[in-house]
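Here are some notes to keep beside you as you look through this one for the first time.

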Amino acid sequence: MSKIRSIITALLTFSIAASNVQAQTTENVVVEKGVLKWASGEQKGKELALFGVNYSAPFAYSYRALNKLGIDPKQAIDMDVDHIARLGLDAYRIHLWDRELTDKAGNLQNNHHLELFDYLLFKLSQKNIKVILTPLAWWGSGYPEPDPLETGFATNYSKAQMNEVEAAIAAQHIYLKQLMAHTNRYSGQRYGQDPNIVALELFNEPKHHQSPEKSISYIEGLIDVIRQQQVTKPLFYNISEQGNDQPYAKALCESKIDGIAYQWYPTGLVKNSEILANMLPMVASYTNVFASIASCNNKAKMIYEFDAADVGRSVMYPAMARSFRAAGFQWATQFSYDPGNIAHTNSEYNTHYLNLLYTPKKAISLMIAARAFKQAERGVESKPYPENNQFGDVELSYQDDLSLFNNDRYFYHSNTTTKAPKNLKKLKHIAGVGSSPVVQYEGNGAYFLDKLTDDIWQLEVYPDVHQLQDPYQNSSLQREVRRLYINQRKLTVTVDDLAESFYLQGINLHNSTQIKADNNSVVITPGKYLIANSQQQLEQFMVASAVGNQSSNSPSENITAKKVSTDYFLPNIQNQDLTLSHQPQRAITLDDDYQLVVKLGTNQAVDNVELLLRYRNDRSFTAFAMTKQSGTKYSAPLPKSWQKTGPMEYAFVVTSNGEKTTFPGAVSGTPFDWDFVKATDYWSFELQPKGTPLSLFDAQLDRNNLIYPKNGKVRQEYVSGQNGLGTVLKLGLDNLTQSNDLLKTTLAADSQLIDRNTRGLNTVAIKIRSLTKQEHINFALLDKDGLAFGTKLNVTNQWQYLLVPLSSLTSSETMMIQAYPSFMPNSIAPQGNDAKTFDSSINLIQGLQISLDVKAYNDKAMSSWHGIEIENVSLIKR
């Protein structure tokens, strides 16, 4: 294959040169009767449906962090834009940090931030990723750090003053004039006329305290300034940040603005820990409180930012895309894509986490969401939740952590699936994490398999990723939350037109892999490859591609050139030391079919993994061999012969290349060595008798599993328990006129039900008391779909156990959690007219919720203080 290698060298040379060529675009966008349409080009007259991300490497924290780590921001942009495009995303939005781009008078500064933004826009245009630019943000550039010393005009004013003070408005006008006239040094395009910038959103999340008339005067002043610069692009303005302000919304929609901008953060922001429950009910639909304003229906609609913050599973984005299209949106951009060079820390916006390399499952789910967004018809309502977990060609499963897109041409899956592609003969594009009937892969990074011609497939494989700790903790560039590993992994491909002995050829830089498959399988490292049934087919394709490349001035002019891009980007991976992750549980009963599971992070061969187990105070451990499940996942059951109850301690020993390492602590050697020194306490759990109650909530032990109710007014505080012993959760409301919600919880990370024996459990036991003479509460469990099944209870001021049969629970209103925009609903009503009884698997319970039953109180009580204390909630057998 030496001839192929020489062709690849030529392609690599061309790829570098081609990366500096401006892709030619002629499309422009117009708004017709509230609908964004292409005004020119091949798509002329067709509606837009663009889906993508926000990304901020040229500015603020990302810029500073990249520089602290010694990383060239342009190289970071090259990698991230390539990965964003690889995910099939075609929309980019950013609010510019005007404080970093202007002086005190509003003059545009030709500084490094602006140069990098020019470069980013240029790179996006090469990938045909369209842009909506938000020139004004007001925000300081510090977050999550304190704001640095800034020279921009916005530092002189509050956000509200930006639309009230004449000097502030004058500075904005100067800035907007100069920004629209600025010529991108890489593309040669003026911002105001750049066809790849399809629209402008004038101000990010403004605050209007003035009358609607004065607010609109300010907005139309911005519009006039921009139009005077010969800018014909559609102009958007934020409608949702004001909340449910109907007069403001009506005035805005009757103004000269072309479109209105909304956001969606349905799971709140900055919980500082992962939400461990099914949040799909929170995105069942998008509530637009301005839909009844006739003039608003003549405005184009965009989602400028969205995310399911603090949610780690890979099911939320497609559901949000479905809800966006049903509500009539044509543009949606997630906030925010993490630069790959700092994504190992998730320190930019700790409540958000998205990157192809470090969150591959979520990234593939965003790819699925983009495909679903384009497929779904605008303005068509979907089925009610949870039936709408299947829509179009999409299937969602929270329990399997799976988003699936499956039609004749595309087969995308965010996790391992047993579903087969609908049409193997017509299948052109595969993307996934894990395995499926057509691709079996031992690694856990993302991979992409695309059919280029009848004879040639292109394969991209990305590194393994290992989670070290909760990525949603407070931000720190010093905290490594996930780590990449370069491993050799077995890959098996069984598609219709590839033989069992297909040939695979590496094509990215420094990838000289040449393999003949055995029984459809190869062992490869991360990289980019071409696959064919013969060396001759590979050679012919590469020759044709190289000839096409050499005769073309632009990749976009030659479809063959596109098909053999050799670009493949990874950050510099410095640390690949052995790591082990394990989620302990606080209690296990003798009749649980429980497996102790570990996941390894390593780029070395593993000889074996052992579980070391003992009763507390025993002098020595007993070792048990663990079984490899897949990739680097190992498990071992709790030995059935160990029937004595009590506190247990345990550790894991990994043997790699003959060297033993003990976890927790990654200590060289084992506890069997005479001179072993442990680095930290061993893991532990309580081994309990059969039939012990299973905890759903424990105020003494639970951490990080409270979720604040939507528009909640409750004060939640931990206080001493009965007779001063233990801890209870005190819940108080000053009155019932604004909110009656008290509590919503998920199961604690160390108190899950998945592998517990729940046979015979039929009753909920609640240890509780009121802090008044009597309180009336609505108590509910959350089923596998996150929906509430509850009952009404009376609570007296004496500590008591309230016993609630599971059979008495019926479908109830599901409490929503803190969300933005603020006009999202407080609850979801149960579906149908007939009350349904709780029939969910107990092992799949997601949590519980408690509110006060306002119908049980008179008018005087509605304005009084109310409170309860709760110690624990358990499942028992009666």
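1. A quick word on terms before the helices come up: axes here are lines fitted to C-alpha atoms, for helices over the stretch in contact, and angles run from 0 to 180 degrees between N-to-C directions. Two packed helices are described by the angle between their axes and the distance between the axes. Bear in mind too that this is a predicted model.

2. Start with α9 and α10. Their axes come within 7 Å and cross at roughly 20 degrees. Angles under 35 degrees count as roughly parallel, and α9 and α10 are therefore roughly parallel to each other. The crossing of these two helices, α9 and α10, is right-handed. On the α9 side, the contact is made by Y317, P318, A321, F324 and R325, while α10 brings K362, S365, L366, I368, A369 and F373. By class, that contact of α9 with α10 comes to 8 nonpolar residues, 1 polar and 2 charged.

3. The way α3 passes α5 is a right-handed crossing. From α3, P73, K74, I77, D78 and V81 take part, and they meet E115, L116, Y119, L120, K123 and L124 of α5. Sorted by class, the residues in the contact of α3 with α5 are 7 nonpolar, no polar and 4 charged.

4. Another pair worth a look is α7 (residues 212-227) with α8. The axes of α7 and α8 come within 9 Å and cross at roughly 35 degrees, and the crossing is right-handed. Here P212, S215, I216 and I219 in α7 touch P247, Y248, A251 and L252 in α8. That contact of α7 with α8 has 7 nonpolar residues, 1 polar and no charged ones.

5. How many disulfides does the structure hold? There is 1 disulfide, and it joins C253 to C296, with an S to S distance of 2.1 Å. The link of C253 and C296 is right-handed, with 95 degrees about the S-S bond. C253 lies in helix α8 (residues 246-253) and C296 in the loop between β8 (259-264) and β9 (300-306), so the pair ties together parts that are 43 residues apart in sequence.

6. A few backbone details deserve a click. Y143 and P144 are joined by a cis peptide bond, with omega about 5 degrees, and P144 sits in the loop between β5 (130-134) and α6 (166-181). The peptide bond from Y385 to P386 is cis as well, with omega near 5 degrees; P386 is in the loop between α10 (360-375) and β11 (390-391). Then there is E205, which is not a glycine but has a positive phi of about 50 degrees. You will find E205 in the loop between β6 (197-201) and α7.

7. Last stop, another sheet. This open sheet has 5 strands in the order β40-β48-β42-β43-β45, with antiparallel pairing. Its edge strands are β40 (741-746) and β45 (810-811), each with a single partner strand, so one side of each is left without a neighbour in the sheet. Strand β43 (residues 788-796) pairs with β45 in the antiparallel sense over 2 bridges, and G790 has T810 in β45 as its bridge partner.

Methods:
Residues are numbered from 1 along each chain as its sequence is written. This is a predicted model: local features need pLDDT of at least 70, side-chain atom pairs count only at pLDDT 80 or more; totals for chains, interfaces and linings use all residues. Side-chain values use heavy atoms; hydrogens and water are left out. A crossing is left-handed if the near helix is turned anticlockwise from the far one by less than a right angle, and right-handed if clockwise. Helices (H or I, at least four residues) and strands (E, at least two) are DSSP runs, numbered from the N terminus. Contact means heavy atoms within 4.5 Å. Ala, Val, Leu, Ile, Met, Phe, Trp, Tyr, Cys and Pro count as nonpolar, Asp, Glu, Lys and Arg as charged, and the others, Gly among them, as polar. Two strands pair if DSSP finds at least two bridges between them. A disulfide is a pair of cysteine sulfur atoms within 2.5 Å. Angles under 35 degrees count as roughly parallel, over 145 as roughly antiparallel, 65 to 115 as roughly perpendicular and the rest as oblique.
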